[in-house]
Amino acid sequence: MIFIVTTIQTQEQAEKLVDLLLEKKLIACGGYFPIQSRYHWKGKKHTNNEYRIEMETRDECYDDVEKVLREHHPYEAPVILSWSVRADEGTSAWVDDVTM
């Protein structure tokens with residue numbers, strides 16, 4: 001099982017991305033919440049309000065999730081992070097059951 005994280009500008013955009021990935025059965029769950037990000041971009045330091053999206057899925061779904069995120073993400077260079085996670089048997093079975 002893997003955990004995937006990205007950020008996006010608005011709650012509406014977060015909802016649309018999560019809904020799209022759920023409809024395609026590429027993620028088992030997607031949650032989002034407001035954050036304040038500070039970062040360097042094109043030689044300047046920025047501070048922005050964003051939404052962090054956290055998603056759970058199977059390892060085998062990563063490439064398809066990344067493809068959908070890149071196709072539908074409004075940012076020029078979205079940050080897409082992932083890492084393997086351990087989960088209890090029930091959670092692992094649920095993720096396997098509801099994703100492609």
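This is a predicted model: local features need pLDDT of at least 70, side-chain atom pairs count only at pLDDT 80 or more; totals for chains, interfaces and linings use all residues.
Residues are numbered from 1 along each chain as its sequence is written, and side-chain values use heavy atoms, with hydrogens and water left out.

Me: Why is Trp83 called partly exposed?
Reply: Buried means under 20% relative accessible area and exposed over 50%, with partly exposed in between (1.4 Å probe, protein chains only). Trp83 has 37% relative accessibility, so it counts as partly exposed. Its place is in strand β4.

Me: Which residues make the nonpolar surface patch of about 270 Å²?
Reply: Val79, Leu81 and Trp83 make this patch.

Me: What makes the buried residues of α2 line one face of the helix?
Reply: Tyr62, Val65, Val68 and Leu69 are buried in α2 (residues 62-72). Seen down the axis of α2, these residues fall within an arc of 130°, so they line one face; the arc is that of the directions from the helix axis to the C-beta atoms. The face turned away from the buried side carries the exposed residues Asp63, Lys67 and Glu71.

Me: Why does Val85 count as partly exposed, and with which residues is Val85 in contact?
Reply: Val85 counts as partly exposed because its relative accessibility is 27%. Leaving aside neighbours within four places in sequence, Val85 is in contact (heavy atoms within 4.5 Å) with Met1, Ile2 and Phe3. The C-alpha atoms of Val85 and Met1 are separated by 5.8 Å, although these residues are 84 residues apart along the chain.

Conventions:
Helices (H or I, at least four residues) and strands (E, at least two) are DSSP runs, numbered from the N terminus. Patches are made of residues with over 30% relative accessible area and no salt bridge: like charges are joined within 9 Å, nonpolar side chains (Val, Leu, Ile, Met, Phe, Trp, Tyr) within 5 Å. Accessible areas come from the Shrake-Rupley method with a 1.4 Å probe; for residues, only the protein chains shown count as cover. A salt bridge is a side-chain nitrogen of Lys or Arg within 4 Å of a carboxyl oxygen of Asp or Glu.
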